[in-house]
Amino acid sequence: MRSPSLTRRSEHEGGRLCHWYDWRGRSVLVCDSARNMLLVIELFADKELEPEDKFQILLAMLFPEPEKAIEAAGESLDDLIACVLWDACGLDVTGTKPHERAVFDWESDAPRIQASFMSAYGITWDQAADGLSFADVCALLGELVEDDGQTPFAQAIYYRTAKPPRRTKYNGEQCDAWSARRSHFALKAADASPADAMEEQNNRSRDLFAALKAVAKGAEVGNV
């Protein structure tokens, strides 16, 4: 996923936040708001839609003008989509990208993310989700953790990743309290761990993209 930039200009097409992405020496306009990218990730996880239907929906979600994207990509539309998905939201549909261990889950941590954006930045989730790119939102979440703040999101990440205090005969109560906090912030047993959930998502995405590639090869401007 690409890093935020202080010089990259935002654009709005049809009320949707867009940014330009470089691909093979060309610039392609992509709808990359945080909300849209989360919906794209959900689309890949959907088990009911057929690949052909998902492909048409995906094109309309990613590009404000799908016809221009198809024309620019030519026979490499599948590569364009794969590169955009990785750069815009870190979704690896080729299985060739490096991955860091995930420590949170968008769905399970949704209340913490919403509350933390309000308390730390004074903005609602709706403002962030529609007004910022996925990469920018991830950067703001990272700042919450790096700042050692007391927001619900930062607290959750701390107790999931920090090394437990070393128990001695003098600090039993403190260690028990720390363990209780870790249990409080841990994902429930009914949920997969963030790392397992990401790996499962990546596996499903790669399987689906293999099917989408066949659809992409036959895509024509007039069919979108």
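User: Is Arg-24 buried or exposed?
Analyst: Arg-24 counts as exposed, because its relative accessibility is 55% and the cut-off for exposed is over 50%. Keep in mind that this is a predicted model.

User: Where does Arg-24 lie?
Analyst: Arg-24 is in the loop between strand 2 and strand 3. Those two strands form a hairpin, with two residues between them.

User: What is the phi of Arg-24?
Analyst: Phi of Arg-24 is near 50°, which is a positive value in a residue other than glycine. As background, most residues other than glycine have a negative phi.

User: Which residue has a positive phi in the turn between strand 1 and strand 2?
Analyst: That is Gly-14, with a positive phi of about 60°. Strand 1 and strand 2 also form a hairpin with two residues between them.

User: Ok, zooming out. How many helices and strands does the chain have?
Analyst: There are ten helices and three strands. Going from the N terminus, the order of elements is β-β-β-α-α-α-α-α-α-α-α-α-α.

User: What share of the chain is buried?
Analyst: The chain has 224 residues, and 38% of them count as buried. On contacts: of those with a separation of 6 or more, 60% come from residues 24 or more positions apart.

User: How many bridges join strand 1 to strand 2?
Analyst: Three bridges join them, and the two strands run antiparallel. In one of the pairings, His-12 has Leu-17 of strand 2 as its bridge partner.

User: And how many join strand 2 to strand 3?
Analyst: Six bridges join strand 2 (residues 16-23) to strand 3 (residues 26-31), which also run antiparallel. The pairings include Trp-20 with Leu-29 of strand 3, and Cys-18 with Cys-31 of strand 3.

User: At what angle do helix 1 and helix 2 pack?
Analyst: Helix 1 (residues 34-45) and helix 2 (residues 51-62) pack at about 170°, and their axes are 10 Å apart. An angle over 145 degrees counts as roughly antiparallel, so helix 1 is roughly antiparallel to helix 2.

User: Which residues make that contact?
Analyst: Helix 1 contributes Asn-36, Met-37, Leu-39, Val-40, Leu-43, Phe-44 and Ala-45. From helix 2 come Lys-54, Ile-57, Leu-58, Met-61 and Leu-62.

User: What classes are they, for the contact of helix 1 with helix 2?
Analyst: Ten of the residues are nonpolar, one is polar and one is charged.

User: Changing topic to Arg-112. Buried or exposed?
Analyst: Arg-112 counts as buried, because its relative accessibility is 17% and the cut-off for buried is under 20%. Arg-112 is found in helix 5 (residues 110-121).

User: What does the side chain of Arg-112 make a polar contact with?
Analyst: The side chain of Asp-109, with a distance of 2.8 Å.

User: Which residues does Arg-112 touch, leaving out those up to four places away in sequence?
Analyst: With those left out, Arg-112 touches Pro-152, Phe-153, Ala-156, Arg-160, His-184 and Phe-185.

User: Ala-156 is on that list. Where is its place?
Analyst: Ala-156 is in helix 8 (residues 152-161). Ala-156 counts as buried, because its relative accessibility is 0%.

User: What separates the C-alpha atoms of Ala-156 and Arg-112?
Analyst: The two C-alpha atoms are 8.3 Å apart, while the residues are 44 positions apart along the chain.

Terms used: Residues numbered from 1 in each chain as written. Predicted model: local features only at pLDDT ≥ 70, side-chain atom pairs only at ≥ 80, totals over all residues. Heavy atoms only, no water. Axes fitted to C-alpha atoms, helices over the stretch in contact; angles between N-to-C directions. Helix = DSSP H or I, 4+ residues; strand = E, 2+ residues; numbered from the N terminus. Parallel < 35°, antiparallel > 145°, perpendicular 65-115°, else oblique. Contact = heavy atoms within 4.5 Å. Nonpolar A, V, L, I, M, F, W, Y, C, P; charged D, E, K, R; others polar. Buried < 20%, exposed > 50% of the residue type's maximum accessible area, 1.4 Å probe, protein only. Polar contact = N/O pair within 3.5 Å; in protein donor to acceptor, adjacent residues only side chain to side chain. Pairing = 2+ DSSP bridges.
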